Amino acid sequence: MPINLETPKKFAGLVSQAHMVATEVFRPNSRKYDDAEHSYPKELDMLAAAIDGMNESGALGGAGAGGVGGNGNDNSNGASAKQADPNANRNGSNMASLLGLTELCWGDVGLLLTMPRQGLGQAAIAAVADEEQLKRFGGKWAAMAITEPEAGSDSAAIRTTARLDGDDYVLNGEKIFVTSGDRAELIVVWATLDREQGRAAIKSFVVERDNPGLKLDRLEHKLGIRASDTANFRLEDCRVPKESLLGSPDIEPKRGFAGVMQTFDNTRPLVAGMAIGVARACLERTRELLEEAGIEIDYDAPPHSQSAAASEFIAMESDWEAARLLTLQAAWMADNRKPNSLQASMAKAKAGRTGTDVALRCVALCGSLGYGEGELLEKWARDAKILDLFEGTQQIQLLIVARALLGKTSAELK
Ligand SMILES: Cc1cc2nc3c(=O)[nH]c(=O)nc-3n(C[C@H](O)[C@H](O)[C@H](O)COP(=O)(O)OP(=O)(O)OC[C@H]3O[C@@H](n4cnc5c(N)ncnc54)[C@H](O)[C@@H]3O)c2cc1C
């Protein structure tokens, strides 16, 4: 079925609201919270209240990471889809989130990442939580804690343990680089029930941020996205009720990592969308600066007959468009219940690389204006880099794509 590339009509309002927030709230505060790293952007509180109101009224159509449905769990228009033509095209919460986040990241990636209740942990909850857990945890600000000092790209190597003791699990270990770890209300922690049993024993647990067993070590100082807090924790005999385990408590060797990994099929297109948003900001501002400098971009003229700057700009735009299309495809597939692991990784790889590349080339094209703090271009170039790192680095996405295309397992192709 062909994909219609127009923004779905039902999301037009959402996109224009996100654009207004990006213009009126994010951009004016961009520089302030880049300079004031670790101070909470209080301007976002008012915004969060407005977003809650819009969510309750359904005006946002499930936008934001918190609204992302698990594959097959998308209820935003699923009710009618069940009885309707199975070939009918669906645009649900994955597409809504993608379009909203892209627009907000045109404003500011760091501020988006620290928006109350938009944490990627909610995507994990939405993907695997049961009814009762959805009620308990839904709508709360949830961070995601996978990475450890000895386990980054290789998340199967995590050492944090979870031991059942009466009605509680007791968690012990260390988690680093947790986005919104200090500000979120909940932290979704990956831990193993039994290290001997490998990937299948890794489960996710929801830990309340004020749990006394969760001890904040420090906040990171970073290259970009400085408005967003990045926290390192120790879990010391951290007790959580056993109902806080997401998904099945059974260790099913055949299922392996499938449960926890499923989240990434939904979140990788979103991170790709963030890269598309910040890259579009760079392109738009660069176009304005080129035009002010008298450089005309002529889409009808062949590259060799216009200035080098104009032809480089057009090449960047086409690269950006390719990344955008891959990303729309991955989100659309999630909404239409088609397995999208391959497309999610393709989108993340292409958009992550394009975001960083476009941002740096725009800095270069604009020369000293691009590099100075008088413009946001230098900040966007710093902010873009993380989108090619977290939720799986560039190299890891390419590895996943290669495995899928060659039909190799993770043991066969490392
Ligand atoms: C600002 C920020 C926020 C973050 N937020 C979160 C968060 O909210 N939650 C969370 O859990 N984590 C988070 N992370 C962690 C992030 O996901 C990891 O940094 C990332 O997965 C890479 O892991 P690593 O840093 O240990 O690098 P490593 O895994 O040690 O990798 C180092 C380099 O080797 C490459 N590499 C590794 N394995 C292979 C391979 N098999 N083949 C080819 N190349 C390979 C990598 O691509 C990378 O270039 C965050 C990180 C940062 C910087």
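Student: Which residues are closest to the ligand, and how many surround it?
Tutor: In this predicted model, 18 residues surround the ligand, the closest being Met144, Thr147, Ser153, Phe177 and Thr393, where a residue is near if one of its heavy atoms lies within 4 Å. Local features need pLDDT of at least 70, side-chain atom pairs count only at pLDDT 80 or more, and totals for chains, interfaces and linings use all residues. Residues are numbered from 1 along each chain as its sequence is written, and side-chain values use heavy atoms, with hydrogens and water left out.

Student: What does the side chain of Thr393 do there, and at what distance?
Tutor: An N or O atom in the side chain of Thr393 is 2.6 Å from an oxygen atom of the ligand, while a polar side-chain atom of Thr179 lies 2.7 Å from a ligand nitrogen atom; a polar contact here is a pair of N or O atoms within 3.5 Å.

Student: Switching topic, how many aromatic pairs does the structure hold?
Tutor: The structure holds two, a pair being rings of Phe, Tyr or Trp (its six-membered ring) with centres within 6.5 Å, called stacked if the planes are under 30 degrees apart, edge-to-face if over 60 and tilted otherwise.

Student: Why is the pair of Tyr169 and Phe205 edge-to-face?
Tutor: The ring planes of Tyr169 and Phe205 are at 70°, with the centres 5.1 Å apart, so the pair counts as edge-to-face.

Student: Is Phe205 buried or exposed?
Tutor: Phe205 is buried, at a relative accessible area of 0%, where buried means under 20%, exposed over 50% and partly exposed in between, using a 1.4 Å probe and protein chains only.

Technical notes. A polar contact is a pair of N or O atoms within 3.5 Å; within protein, one must be able to donate a hydrogen and the other to accept it, and residues adjacent in sequence count only if both atoms are side-chain atoms.
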